[in-house]
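This report looks at one protein chain, part by part. Please keep the sequence and the model at hand while reading.

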Amino acid sequence: MKLLLLFVFVGLSCAQYNTNFRAGRTSMVHLFEWRWVDIAAECERYLGPNGFGGIQVSPPNENIIVSNPWRPWYERYQPVSYKLCSRSGTEAQFRDMVTRCNNVGVYIYVDAIINHMCGSGGGAGTHSTCGSYFNAGTKEFSGVRNCRLVGLLDLALEKDYVRGKIAAFLNNLISIGVAGFRLDAAKHMWPGDISNIISRLSNLNTKWFPSGTRPLIFQEVIDLGGEAISASEYYGNGRVTEFKYGAKLGNVVRKNWGEGWGFMPSNRALVFVDNHDNQRGHGAGGASILTFWESRLYKIGVAFMLAHPYGVTRVMSSYRWSRNFVNGKDVNDWIGPPSNSDGSTKSVTINADTTCGNDWVCEHRWRQIKNMVIFRNTVDGQAFTNWWDNGGNQIAFGRGNRGFIVFNNESWNMDATLNTGLPAGTYCDVISGQKEGTRCTGVQVTVSSTGSARFTISSSAEDPFIAIHVNAKL
């Protein structure tokens, strides 16, 4: 296998590329459409204790209320003002969430909609989450100013006044304690305009971050190659979402191989297997994208991403909806989060087995994914080592002397003795189970005095891969 051809490493470092994660933490999770009160609780009961570094939250500011007849997820991407009230909660609840999550070392990264306001067909009135008056037809948004991306009212980012309003919005969030921003639709903004706005941003709140810390910036730029606009044009502003990653990794896991995919430098990339757009068939990647609907393949893809040192990793946490395919397209791809009869978002309930209820998928709570987040934390900074493959779809690699992972994505069983690079001893596989006290709840792996271990993986296993690391050693 030639997975190494996928990755490019360049050793550069600038402040706006730093995640600001607490030491020993390496990944964020996108809690898509979660309420602020549920996120605050999740930080304290699960994300903090399990080593997650941060959360990408849905846009927190006021948006138009769309009836379809139910409120679609994309209404969050049609702002009306920069007031902090949305389907996820009030400003007070947002502030409480940021404080509580920061206090347990899980930082907040806001999905910032600064390219546009709501669509020109949005009408007029106060059908918005805070009740602010707006008139899309006359481009009047009294909650911000009087002001198109594909039918949306485009902001004149070249104007100093507009830049100032946007910077004030982001600086308010920084003062509350957020650690950075995802810039939605960055590809539709001139890099120089983004640069000017970033230059106006304050340093992060010193209650939680060292003096002089700059916010992380990661920009949504879909560049699958051959595009008129290149992702590299945005490297100077911060990290960029590498959409080729999920698309190509999906091909790999589906055994469709290719070479020369040309990923961006590791220190410029924020990577993910899927996101809220492409898991619905929007954006980039098409049918190759892996999602929770194909859980077996999905766990393989996420495990590979979290084991490999490339980029900053983001785990997706989704909700279920009733899919309805017509001519190959899901006509229900608009459906918003699990909702009550009045359109309000349902709470995220936690089942006895730690999974989520109320149609929340919570992939970040799947044992295999949660344990691979811990694996990535454990091997952080270690070299990519001990690559092995069978010339096909059985692969293995290590991370220095701290972790090793093996995949069997063939249609036959695997039985191989491999050099792990790990100290001798008995290790708990963190995929089939984990270390609990002095025992393994799943498979045990014995590493010899020479660092080698035998791996047997059935092709029919629920999870046809094994991962071990030094913190899961008996």
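## Helix α2

The model discussed here is a predicted one. After α2 comes G105, which has a positive phi, near 75 degrees.

The buried residues in α2 include F94, M97, V98, C101 and N102. Around the helix axis they cover an arc of only 120 degrees, and therefore they sit on the same side of α2. Among the elements that cover these buried residues are helices α1 (36–47) and α3 (160–176), together with strands β2 (54–57) and β3 (107–112).

The core takes at least three residues from each of domain 1 (16–241 + 319–360) and domain 2 (384–472).

What does M97 touch, not counting residues up to four places away in sequence? Its contacts are W36, I39, A40, V57 and I108.

## Two domains

The protein is divided into domain 1, made of 16–241 and 319–360, and domain 2, made of 384–472. Between the C-alpha centres of the two domains the distance is 38 Å.

The UniProt record, an unreviewed entry, places the feature "domain: Alpha-amylase C-terminal" at residues 385–473. Over residues 385–473 the chain is 52% strand and 0% helix. The end C-alpha atoms of this stretch are 19 Å apart.

## V240 in strand β12

Strand β12 (residues 239–241) contains V240. Is V240 buried or exposed? Buried means under 20% relative accessible area. V240 has 0% relative accessibility, so V240 counts as buried.

Leaving out residues up to four places away in sequence, V240 touches Q219, V221, A231, Y234, Y235, M264, R268, A269 and L270. V240 and G311 are 71 residues apart along the chain, and their C-alpha atoms are separated by 9.9 Å.

Notes:
Residues numbered from 1 in each chain as written. Predicted model: local features only at pLDDT ≥ 70, side-chain atom pairs only at ≥ 80, totals over all residues. Heavy atoms only, no water. Buried < 20%, exposed > 50% of the residue type's maximum accessible area, 1.4 Å probe, protein only. Helix = DSSP H or I, 4+ residues; strand = E, 2+ residues; numbered from the N terminus. Arc of directions from axis to C-beta. Contact = heavy atoms within 4.5 Å. Domains from an automatic or database assignment. UniProt positions renumbered as here; feature names shortened; annotations may be inferred.
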